[in-house]
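User: Could you take a close look at one spot in this structure for me? I'd like to know where it sits and what surrounds it.

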Amino acid sequence: MSAINQSGWRPEMGGGSGEGAPATFTGNRALMLEEPTIFEIGSTDTTGVDFADGDVAGSRLGDLTRKSAIGLPGLSEPETVRHYTRLSRQNYAIDLGLFPLGSCTMKHNPRLNERVARMPGFADVHPLQPVDTVQGALGVINELAMWLIKLTGMHGVAMSPKAGAHGELCGILCIKAALEARGEGHRKVILVPESAHGTNPATAAFAGFAVEDIPATPDGRVDTAALKARLGPDVAAVMITNPNTCGLFERDLKDISDAVHAAGGYVYCDGANFNAIVGRVRPGDLGVDAMHINLHKTFSTPHGGGGPGSGPVVLSEALSPYGPLPYTARTEDGHVHLIEEERAEEFSNEHFGGKLDSFGRMVAFHGQMGMFTRALTYILSHGADGLKQVAEDAVLNANYVLRSLEGTLDAPFAGSGPCMHEAIFSDAGLPQGFSTLDIAKGLIDEGYHPMTVYFPLVVHGAMLVEPTETESRAALDQFIGALRSVAERAKAGDAALKSAPHYAPRRRLDETLAARKPVLVWKDAPVAEAAE
Amino acid sequence: MRYLPLTTDDRQAMLATIGAKTIDDLFADVPEAARLSGPIEGLPNHASELAVERHMARLAAKNTVAGDVPFFLGCGAYRHHVPASVDHLIQRGEYLTAYTPYQPEIAQGTLQMLFEFQTQVARLLGTDVANASMYDGSTACWEAVTMARRVTRKAKAILSGGLHPHYVSVAKTMAKYTGDVLETSLPTLGADTDIDALIAAIDDDTSCVVVQYPDILGRIADLKPLADAAHAKKALLIAVVTEPVALGAIRSPGEMDADIVVGEGQSLGVGLQFGGPYVGLFGCKEKYVRQMPGRLCGETVDADGKRGFVLTLSTREQHIRREKATSNICTNSGLCALAFSIHMTLLGEAGLRRLAALNHAGACRAADRLAKVPGVELVTPTFFNEFTLKLSKEARPIVRELADRGILAGVSLGRLYPGEGDLANGLVVAVTETTTAEDVETLATALQEVLA
């Protein structure tokens, strides 16, 4: 994640690139192609879709026929393909190179996932079809659920949350429901480490809790003593990330969980960093009560330029009864049931001793089915042995990066032991006037997306590097060389870094202007309104 | 293993560089008791592409595919023809495997696409602005309700009986935690929406009225009087559009003075996929833009003065504001927004209008044909591509029986509102450009047989 304009740069500062290179008529630079918006090249009369001929008479629209123009430009098929192809070439992507974003797990997205998701039996099925006609789809959800439960050592799983933050909300609402069922709804405080991702306190606040920070220790972990001291009858839960946002394993997590449970609270674990431990450690063994899993991180479903994600939540025995509707259940006859509001009570009585008491429904329909097929395909491809190897190679790669760069960049925790799947550096030692942002922008010219910057806040000028397990040693070596080179340039006071990137499709963009005078839609030049 | 490039030699050499003897040394921080001694038991080991594909194909074969049978389901998810180019373009690695565009210099592809998407959505919905998408229509609807509370500082939301029952269920669940008071009701199996009842229900405590357009039975109503009534009491009108193709034929909610318009974009580019991932649409009036949830893309310039795009107004979002964020949403539905935008670009305005006209004409013909079946009555006189029939028997068992005969006959109101006797004979039928005259005839004939 990047900061907004922290370097104080403005466009007037100049520093243009390619001085001396000849101008071109088009503004293009060979394969670096400028592309206008559809509003500048399309027309409302043009369409790239052919329709059946035939009459379209008859109207039952009341008086509500649309009379005014909408303003939607169209393009023919060749123009459309060209427009979006040209735009795509202005994006960095995993398919192009190492994508070192800490806590995002930018691993290779297997194409088998895409093939399977597009099988008509998964892609062309409506969520409200009679359940006997969708036993395969319900079977996928159920099989994936079983894998997630076994990989995490938990008791149950909520499959419906649509993304990680949505999963956090689900977990916190299960906790809230469990407390209320125990008559302890007066517990209003949730403890969250200072290093947590912003979604953690935002989620807790949404659910009506007061958030209190827990400080970190100098070795980058949660201050266990401070946490335990704060526990009490008003504390509902602790939200913890493990491995944490500094890329370190929270050694005391079992101890913390025991203390929290003894004090009557629950443990929520942010599972964003599960890639470090999948197949080697089970959060259930560490006393976790709820953990969301980002299928688009650990389980390779594509990031898609910003979603869609999927955030199923594994639940302990204490919390499983409160999970949201709907859920799937396989009975002994092999039939897979979809339990919605209608059958929830009856099914609970028949199969769960009447203990289930869902907190409600989080989304229409059943969850991110398209992501379930992809994730299950990936999990079946790796299997239990492969997933264990995933975690090992992810941790190996991150430690290789850490040890290769700790001589160049300040690595605040490198002295106290290994990191997990991501390595963290700080801006200590950079000369006056040079910042983490400059290193990030310099890395762009080297042909990389920058690592996560300025997160977590507990490390000054943080740079969080997560290579993932799908990088070869050669790819790692090249990345290490590039980051080392940029860091050395910063330490040598290379002014060109202040105006990097020089070679990207765009130079640094004025984010202050964008926020001060937001232009969020295209505005046509004023013309007379077209009426029908 | 095909996704793991490291060789055994690599691993050994890298361990040496790190100064560790074995990989276990790097997991030293894991307490002894939590260390697993080997791969987790009871789970299979790795498998080839061939084996995995076979396993998944067997599961896929157990589903009835909408395109293989006469198919009439709607109610919040619609089967439209997605042009072949869309799926090819979204699978380009630069879109599929890109990240959220936080480093805008190397994400102008995603950012310009989002800017175009926001503009298309705003124009379609008739709002001043739109965001870069939400998870889906149901969560977008809920976010609109909480936004109305922030804007009006009131907490009573009135939800129309014509709002999708899953959307109502989501709102009821979330309202338990936010203190919003919801007034809800059931739809009636009749010709009229509940606009008049909603107008009568608005009072000084009302933060918003939420109405679906067309509604769950397919009915269309003029929203302007409702907007006026809401504004008179300083409340907001939220309109929910679950079938955006309808807006190629009927007036937009924005034109009728709705304050917030949300919707489900699935119809364009996205495909049924058994319920997700979908794409939530969210638009509103300019004056409310700083209260909008979700990501926003804005235009700016770079150091060379060239036009470019960035994510903006991020102080609304939780990674900056933490507890004080406008919502806890982090991601949007980027790839689905791209698919929607590409499909919309291929259609263009003329194409969208033609597509909408074909949908409506097909639905009119189907409604006329089905109304001729003894025991079938057309309940909804106005509709776009989805209408409701009242059968002489309970609809849910009829749907079940027709499924056994290889016909997916629509959504029974019994499925959506179990236990509601007044609605039990209702069947919601959707018709799109993918529905053929033969399909309709097959349904009509079979209906006649099972109702006899």
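Analyst: Let's begin with the chain around it: of the 452 residues in chain B, 67% are buried. Keep in mind that this is a predicted model. Chain B is built from 15 helices and 13 strands, and its C-alpha trace spans about 80 × 55 × 50 Å along the principal axes. Take the contacts in chain B with a separation of 6 or more: 72% of them come from residues 24 or more positions apart.

Now zoom in. Thr382(B) sits in a loop of chain B, with β10 (376–378) on one side and β11 (386–391) on the other. Is Thr382(B) buried or exposed? Its relative accessibility is 18%, and buried means under 20%, so Thr382(B) counts as buried.

As for the neighbours, leave aside residues up to four places away in sequence, and Thr382(B) touches Gly218(B), Arg219(B) and Ile220(B), plus Arg60(A) and Gly62(A). That list has residues from chain A as well as chain B. With Ile220(B) there's a further detail: the Thr382(B) side chain reaches the backbone nitrogen of Ile220(B) at 3.3 Å.

Chain B has an accessible surface of about 14,300 Å², and carbon and sulfur atoms hold 49% of that. On the charge side, chain B carries 43 positive and 53 negative side chains, with the centres of the two sets 2 Å apart.

Terms used: Residues are numbered from 1 along each chain as its sequence is written. Chains are lettered from A and ligands numbered from 1 in the order in which they are written. This is a predicted model: local features need pLDDT of at least 70, side-chain atom pairs count only at pLDDT 80 or more; totals for chains, interfaces and linings use all residues. Side-chain values use heavy atoms; hydrogens and water are left out. Helices (H or I, at least four residues) and strands (E, at least two) are DSSP runs, numbered from the N terminus. Buried means under 20% relative accessible area, exposed over 50%, partly exposed in between (1.4 Å probe, protein chains only). A polar contact is a pair of N or O atoms within 3.5 Å; within protein, one must be able to donate a hydrogen and the other to accept it, and residues adjacent in sequence count only if both atoms are side-chain atoms. Contact means heavy atoms within 4.5 Å. Accessible areas come from the Shrake-Rupley method with a 1.4 Å probe; for residues, only the protein chains shown count as cover. Lys and Arg count as positive and Asp and Glu as negative; His and the chain ends are not counted. The place of a charge is taken as NZ of Lys, CZ of Arg, CG of Asp or CD of Glu.
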